[in-house]
Amino acid sequence: GTPNASATRTGITNLGTFAVGFRPVLSPLLTNTKIYLQGPQYTAGNMATSLATKNLIPTTEPYTGMTGTPAFTHSGSGGGETVANTAFFSTNSIVDWIFVELRDAGTGAVVSTRSALLKNDGSIVEPDAAGTGVTPLSIGGNAPGNYYLSVRHRNHLAARSTAVIDYTAAKTTVKAYDFTTALSSAYSVGITNSPLATVSAGVFGLWSINANSDRTSKKIGSASTNDYSLFQTSVNSVASPGPTNVYAKEDFNMDGNVRKTGASANTNDY
């Protein structure tokens, strides 16, 4: 709260470890959410982990301060998530950081966020600062109840759960939600074309080619809203064939390079 604010609680007869605040900090809301990305090469249930293999993923989440429409604004317990070192990503088959939003069941407004990690099998997991492994994501500090869940990525389009998810038992039970098995799993009202991309037959994920982190993927329009223009600028920023070993929004296939031409479609971003 504001400086010199106070909080009072009565009826306490035994004092142990405690914290002072206005949010239910001991409510973890455990969620096991699954989503694929269209960008990384997909083979037999797994996405490529090129960014991890090349040690390009930052150890601290990249979304704090990142622009977009809407902006990646953390709230609740989210922001500043970190892992021990870059080796953690390759050891645990991490594709990249992903941005998770918990939304009010009535209004759809964001009530809490987390920067989480996306594994190659599509699982969204908890960042582990100690580097000892990964666990189901905990969206802490929120009362158990019904919420929508949204997933966003720095160069893919977002998706939101079609219906509210019952997290009333999520303090002790991991609640699963899978975006990958049906287009109907993602909210589609007002969305042009499909709410999800087909990454393989019957397998779905977030649409790629979103260099400015907005709500659309565009090849025409003003330079600031045109993803292709931003991609071209990045490709031309260095000598042909383009930037190498980078962690960049314009790297749509997330192999660490920004390419317009190459040996195969898998090495080209556009």
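This is a predicted model: local features need pLDDT of at least 70, side-chain atom pairs count only at pLDDT 80 or more; totals for chains, interfaces and linings use all residues.
Strands S9 and S10 run antiparallel and are joined by 3 bridges. The protein chain as a whole has 3 helices and 14 strands. Its radius of gyration is 20 Å, close to the 18 Å that the globule rule gives for 270 residues, so the chain is as compact as a globular protein of that length.

**The S9–S10 pair**

- The link between S9 and S10 is a hairpin that passes through 2 residues.
- Across the pair, Val151 stands opposite Ala159 in S10.
- S10 is largely enclosed by the rest of the structure, because 4 of its 5 residues are buried.

**The largest pocket**

- If you want a place to look for space, the largest pocket holds about 800 Å³.
- Its lining is made up of 29 residues, and Leu157, Ala158, Ala159, Ile191 and Arg215 lie nearest the centre.
- Three strands, S5 (94-104), S9 (146-153) and S10 (156-160), each supply at least two residues of the lining.
- Sorted by class, the lining comes to 10 nonpolar, 13 polar and 6 charged residues.

- S5, one of the strands that supply the pocket lining, runs antiparallel to S6, and 9 bridges join the two.
- Within that pair, Leu102 stands opposite Ser112 in S6.
- S5 and S6 make a hairpin with 5 residues between them, and Gly108 in the turn has a positive phi of about 80°.
- S6 (residues 110-119) is mostly covered, with 7 of its 10 residues buried.
- S6 also pairs with S7 (residues 123-125), again in the antiparallel sense, over 2 bridges.
- Here Leu117 stands opposite Val125 in S7.
- The hairpin of S6 and S7 has 3 residues between the strands, and Gly122 takes a positive phi near 95° there.

- S2, S14 and S13 form an open sheet of 3 strands, in the order S2-S14-S13, with mixed pairing.
- S2 (36-37) and S13 (197-200) are the edge strands, each pairing on one side only.
- S2 and S14 (residues 203-206) pair in the parallel sense over 2 bridges.
- Leu37 is the residue that stands opposite Leu206 in S14.

**Backbone spots worth a look**

- Thr69 and Pro70 are joined by a cis peptide bond, with omega at about 0°.
- Pro70 sits in the loop between helix H1 (50-53) and helix H2 (87-91).
- Ile209 has a phi near 60°, a positive value in a residue other than glycine.
- You'll find Ile209 in the loop between S14 and helix H3 (227-235), and it counts as partly exposed because its relative accessibility is 23%.
- Ser213 has a positive phi as well, about 55°, although it is not a glycine.
- Ser213 also lies in the loop between S14 and H3, but its relative accessibility is 2%, so it counts as buried.

**The chain overall**

- Along its principal axes, the C-alpha trace spans about 70 × 40 × 40 Å.
- Buried residues make up 44% of the 270 in the chain.
- Take the contacts between residues at least 6 apart in sequence: 61% of them join residues at least 24 apart.
- Val20 lies in the segment before strand S1 (30-34), and at 68% relative accessibility it counts as exposed, the cut-off being over 50%.
- Val20 and Thr113 are 93 residues apart along the chain, and 21 Å separates their C-alpha atoms.

Definitions and conventions
Residues are numbered from 1 along each chain as its sequence is written. Side-chain values use heavy atoms; hydrogens and water are left out. On a 1 Å grid over the protein atoms alone, a cavity is a set of points where a 1.4 Å probe fits but cannot get out, and a pocket is an open set with protein on both sides within 12 Å along at least five of seven lines; lining residues have an atom within 4 Å of a point. Grid points are joined across faces, edges and corners, and a volume is the space filled by probe spheres set on the points. Ala, Val, Leu, Ile, Met, Phe, Trp, Tyr, Cys and Pro count as nonpolar, Asp, Glu, Lys and Arg as charged, and the others, Gly among them, as polar. Two strands pair if DSSP finds at least two bridges between them. Buried means under 20% relative accessible area, exposed over 50%, partly exposed in between (1.4 Å probe, protein chains only). The radius of gyration is taken over C-alpha atoms; the globule rule is 2.2 Å times the number of residues to the power 0.38. Contact means heavy atoms within 4.5 Å.
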